[in-house]
Amino acid sequence: MIYLQNVSKVYSNGAVGLNNTNLSIEKGEFVFITGNSGSGKSTLLKLLLKEIEPTHGKIIINNKDVTKLKPKQIPYLRRDIGIVFQDFRLLPNKTVYENVAFAMQIVGASGRDIRKNVPIVLGLVGLARKARCYPNELSGGEQQRTALARAIVNNSPILIADEPTGNLDPATSWEIMNCLQDINKRGVTIVMATHEREIVNSLKKRVIEIREGNIVKDIQEGGYDDEMEYSQVFI
């Protein structure tokens, strides 16, 4: 589903975002990306979304070599990738229903499909009764669940979550994680950047730690030493 081959990103000021990175993420995996600020997590996510270009190397997403895509092809790549941010990024003048429907409208979905799919997705994230509410009438967790619904309503096979629990209290964070796990069970590949140690330790999914642009740990689900505490991922 996602494959990086010898990928490096060096910024114009000489800072190294990623250094000769090789990475493979299979369809249906749930992968945590960890590391300190400035480690390269954001660089990795921006490369996957083609917001920035690699200095060297090849990136394959859903069987497409995205390093060779022309600018007019990038919107089609992003239809295959849902994205959830830490700060929700909802449209304040649109209701929950309209925020989710807008994601379908911009890819040219028919009104019939929108009327069919949006209620289904809102039900999946537990917001069926909030469809007519505006973002300022929602809690932080409800806003993030709206963002999740928006990210998956087009049936994107990949979901990138960039610190999705960063602005939420612990109880609400677990609500979001439960939603993400339900989405993953539907076959969606999830790549989640996070600093939340407790979440990573509890869920025991695959964990990739990046440090100074290098992958320094890649702990497979069930493939780590049982005697090693997961907190060792956060050195």
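Student: Which residues touch the most other members of the largest nonpolar core?

Tutor: In soluble globular proteins, nonpolar side chains tend to be buried together. In this predicted model, the largest nonpolar core has 40 residues, and F32, L148, L159 and L180 touch the most other members. Elements giving two or more residues to this core include β3 (30-34), α5 (140-152), β7 (158-162) and α6 (170-185). Apart from it lies another core, of 26 residues, among them V31, I33, V66 and L77.

Student: What does L159 touch, not counting residues up to four places away in sequence?

Tutor: The contacts of L159 include G82, I83, V84, L148, A151, L180 and V191.

Student: How should I read α5: why is it described as largely enclosed?

Tutor: Count its buried residues, meaning those under 20% relative accessible area. Twelve of the 13 residues of α5 are buried, so the rest of the structure largely encloses this helix. Among the buried ones are E142, R145, L148 and R150. They pack against β6 (81-84), α3, α4, β7 and α6. From its first C-alpha to its last, α5 reaches 19 Å, close to the expected 18 Å.

Student: And the sheet: in what order do its six strands come?

Tutor: Follow the pairing from strand to strand. The order is β6-β7-β8-β3-β9-β10, in an open sheet with mixed pairing. β6 and β10 (214-219) are the edge strands, each pairing on one side only. Neighbouring strands are turned by 20° against each other on average, direction ignored. β9 (residues 206-211) and β10 run antiparallel and are joined by five bridges, with V207 opposite I219 in β10.

Student: Which strands of the sheet does α5 touch?

Tutor: α5 packs on the sheet against β6 and β7, and its direction makes about 170° with that of β6.

Note on methods
Residues are numbered from 1 along each chain as its sequence is written. This is a predicted model: local features need pLDDT of at least 70, side-chain atom pairs count only at pLDDT 80 or more; totals for chains, interfaces and linings use all residues. Side-chain values use heavy atoms; hydrogens and water are left out. A nonpolar core is a set of buried Ala, Val, Leu, Ile, Met, Phe, Trp, Tyr and Cys residues joined through side-chain atoms within 4.5 Å. Buried means under 20% relative accessible area, exposed over 50%, partly exposed in between (1.4 Å probe, protein chains only). Helices (H or I, at least four residues) and strands (E, at least two) are DSSP runs, numbered from the N terminus. Contact means heavy atoms within 4.5 Å. The expected span of a helix is 1.5 Å times one less than its number of residues. Two strands pair if DSSP finds at least two bridges between them. Axes are lines fitted to C-alpha atoms, for helices over the stretch in contact, and angles run from 0 to 180 degrees between N-to-C directions.
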